[in-house]
Amino acid sequence: MLPTTSFDGKLLLKSKTEISTAPNGNGGIYEALKKEKIIDDIQNKGIKYVFAYGVDNVLVKMADPTFIGAFHSANGDCGVKVVPKAHALERVGVVCLKNGKPAVVEYSEIGEDVAKETLDDGSLKYNTGNICTHLYSTEFLQKVTDNNLSDLMFHIAKKKIPHYDYESNTVVTPEEPNGNKYEQFIFDVFPYSEKIVAFQVKRKEEFSPLKNKEGNDSPASCLKLLTEYNKSLIEKVGGKFVLNDESKELGQNGNVIEISPLTSLNGEDLEFLANKTYHLPLHIFGTSD
């Protein structure tokens, strides 16, 4: 946990006697690996690679063997999956070289003018969107946690932070951002990589983040994209479907298809679904119907 501050640099209070604090971001995982001796446990168990992902991505392919294979073949020490950005101002970080070293520049830090820069063919110059799906060699994690923890930078996040106000003698909950939280990001170790592997994937198959209550990146949009992807896998082996509610699109009112990754990760081993018609909703958690 780290202290929060006002925009003019003063510490915010949680109460008369307590300083307001906030989590240090997903980059705090590296300190935790060291402090809790998890990295030692990983080494002792002979684990060669560690897979990490953002929990909000409903299309993540857990421990994707294709990603791991490409990473291994390239003799990488740090890997990241990327997708082309949906548009210049999409709220994803950009994987790039910064001062000659691999890095991610967050959407909140890149600046609108730079984000909109294009190449001669009109495509975005900074188009390699980070989807927070990473792979590390255990050797790399050991090196980072042994040598670089104190070097990891902090990012400023402008947030609405409840705080104690001396004048009113109450805790104030602001309606607009009023202060800074200080966070480390999980990609802050990229500059220490000697062989980073950027692995481009298809957005519709691997990236659907849950971030909003409604609209894009909402529960409804995530469920639709998850169902569309699973539907495409079953259709490849000849499966067909009858909607639960023909007045609604996929993902709505029971028009849902879920395939457990324990059954199939990339569409493999689904032959038992071939040439059959299924009524939605359909949830597949085994190897028979």
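Student: How many aromatic pairs does the count come to?

Tutor: The count comes to seven aromatic pairs, where rings of Phe, Tyr and Trp (its six-membered ring) pair if their centres lie within 6.5 Å. Bear in mind that this is a predicted model, in which local features need pLDDT of at least 70, side-chain atom pairs count only at pLDDT 80 or more, and totals for chains, interfaces and linings use all residues. Residues are numbered from 1 along each chain as its sequence is written, and side-chain values use heavy atoms, with hydrogens and water left out.

Student: Why is the pair of tyrosine 164 and tyrosine 166 called edge-to-face?

Tutor: Their planes are 85 degrees apart, with 5.0 Å centre to centre.

Student: How do you know whether tyrosine 164 is buried or exposed?

Tutor: Buried means under 20% relative accessible area, exposed over 50%, and partly exposed in between (1.4 Å probe, protein chains only). Tyrosine 164 has 9% relative accessibility, so it counts as buried. Tyrosine 166, at 55%, therefore counts as exposed.

Student: Which residues form one aromatic cluster?

Tutor: Tyr30, Tyr136 and Phe140 do. These three are also among the residues with the most contacts inside the largest nonpolar core, which has 19 residues. Such a core is a set of buried Ala, Val, Leu, Ile, Met, Phe, Trp, Tyr and Cys residues joined through side-chain atoms within 4.5 Å.

Key: Phe/Tyr/Trp six-rings, centres within 6.5 Å; stacked < 30°, edge-to-face > 60°.
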